[in-house]
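Subject: Model handover and findings

Hello,

Here is the structure I promised to pass on. Please have it open while you read; my notes follow.

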Amino acid sequence: MMRKFLPALASAVLVTLVAAGCAGTADPNGPIVVGSVNALSGPATFPESSQAAKAVFDAANAAGGVHGRKIEYHAIDDKGDPAAAAAAAREIVGGDQAVALVGSSSLIECQINAKYYQQEKVLSISGIGVDPSCFTSPNIGPANVGPFHDMTLTLLYGSEVLHLQDMCALLEIAGNTLPYYRAAIDEWSKITGKKLKYVDATVPYNGSDYTPYIVKARAAGCKAVTVNPVEPDSIGQLKAAQAQGWKDVTWLLLTSVYSEQYAKAVSDAGKGVYVPAEFYPFTDPSSPRTKEWRDLMTRNNIPLTSFSQGGYLAAKYFLQVLNGMQGDITRESVTKALREMKPITDPMVGTPYVFGPGQTHHDNIAGWPVKLATGTNRWEIAGTDWLRIPRR
């Protein structure tokens, strides 16, 4: 009995080892499997990034694919839940044997899955990176600027372009983000030699009443305030300022509030809301910089947002690298190609994209200023060129 069992066991082990050794390897004439982990449901959703990536891949497939092979795209929901985020990554990487992840957009997935991606030697070009792990992992390279460089940029615009004085910060801190926001503020200080007048890092996400924080900032003598809010929080903060009669304050915010619905909800913006948009402003409908993206999103009924810009660019970058490859397209060969790729320029971004061999990926350092003025309910272009963090 044991003699009969051992050969069967050996065969099973051999099959398992062969399968494990072929991660990300499929039929050389079959589809190229690519995936993403996204907040498609839960407390905060970002569906546009993966929708945009899929639209890019569908268009490429309709044009003949990559070297005759189609892209098979799997966008999985992490539900804003750590366990679901971990399970989604394992479904894509371990189950579907994806060669890479492209277009992910989630509040938590980088933090949850960064080490797993390193373990499995798979790379991710996130459409929108949010948490610090998106920018500090050797295996994740987002297409966007990210909230930390975005804060440095908004402070630079306030002090160096608007020449504002008495600038302050109200920070909404989730998880381990406080050191990264402090580093962003320190970067601004090193560049300008200036300091913030007042910093409050106790401002809550999804707060029910922001009046106490607004009252303290006003009492501290703030004339301009930078905040890292989500849209509902910012609307609440501006309404609290309005209720206090605080009309002479300038708001230096992040791309997280740059949307048409936010503009419609804000009638009193004090002396103005300014944002360094991470991609060329989508609210400029006539610009040739965004025409290709705008046309593709419109054909596919995908909202015109910064999130869809990020997913679109992530997929475009990935396709350009794939189309330049020779030989088999496997996880190993795709990883090598992304590590060795040349920088890719696009008119929608102010910094060329490159994944490269680095241990961190936080190289997008440009934003295009936009402004929301009181009583307009619409964003306006507030600059003639990209605002960049000076490289030292």
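Two strands count as paired if DSSP finds at least two bridges between them. Helices (H or I, at least four residues) and strands (E, at least two) are DSSP runs, numbered from the N terminus.

First, the ground rules. This is a predicted model, in which local features need pLDDT of at least 70 and side-chain atom pairs count only at pLDDT 80 or more, while totals for chains, interfaces and linings use all residues. Residues are numbered from 1 along each chain as its sequence is written, and side-chain values use heavy atoms, with hydrogens and water left out.

Strand β5

Start with β5, residues 167–172. Four bridges join β5 to β6 (residues 198–203), and the two run parallel. E172 has V203 as its bridge partner in β6. Between these strands the chain passes through helix α7 (residues 178–192), and this β-α-β crossover is right-handed. That means the path from the first strand over the helix to the second runs clockwise, with the strands pointing away from the viewer.

β5 also pairs with β7 (residues 224–227), again in the parallel sense, over four bridges. Here M167 stands opposite A224.

Is β5 covered on one face or on both? Both faces are covered: M167, A169 and L171 are buried on one side, C168, L170 and E172 on the other. Buried means under 20% relative accessible area, with exposed over 50% and partly exposed in between (1.4 Å probe, protein chains only).

Disulfides

A disulfide here is a pair of cysteine sulfur atoms within 2.5 Å. By that rule there are two. With bonded cysteines counted along the chain, the pattern is 1-2, 3-4.

- C110 and C134: the sulfur atoms are 2.1 Å apart. The link is right-handed, with 100° about the S-S bond. C110 sits in helix α4 (residues 109–120) and C134 in helix α5 (residues 133–136), 24 residues apart. C110 is buried at 2% relative accessible area, and C134 is buried at 0%.
- C168 and C222: the S to S distance is 2.1 Å. This link is left-handed, with -100° about the S-S bond. C168 lies in β5 and C222 in the loop between α8 (211–219) and β7, so the pair ties together parts 54 residues apart in sequence. Both cysteines, C168 and C222, are buried.

Nonpolar cores

A nonpolar core is a set of buried Ala, Val, Leu, Ile, Met, Phe, Trp, Tyr and Cys residues joined through side-chain atoms within 4.5 Å. The largest has 75 residues, and F57, W251, Y262, V273, F318 and W379 touch the most other members. Helix α12 (residues 306–323) supplies the largest share of this core, nine residues.

What does V273 touch, leaving aside neighbours within four places in sequence? V273 is in contact (heavy atoms within 4.5 Å) with L238, W251, L253, Y262, V370, K371, L372 and W379.

A second, separate core holds 40 residues, among them I92, V145, L155 and L196.

Annotation

UniProt, in an unreviewed entry, places the feature "domain: Leucine-binding protein" at residues 31–362. Its positions are in the numbering used here, feature names are shortened, and annotations may be inferred rather than shown by experiment. In the model, that span is 42% helix and 13% strand, and its end C-alpha atoms lie 31 Å apart.

Best wishes
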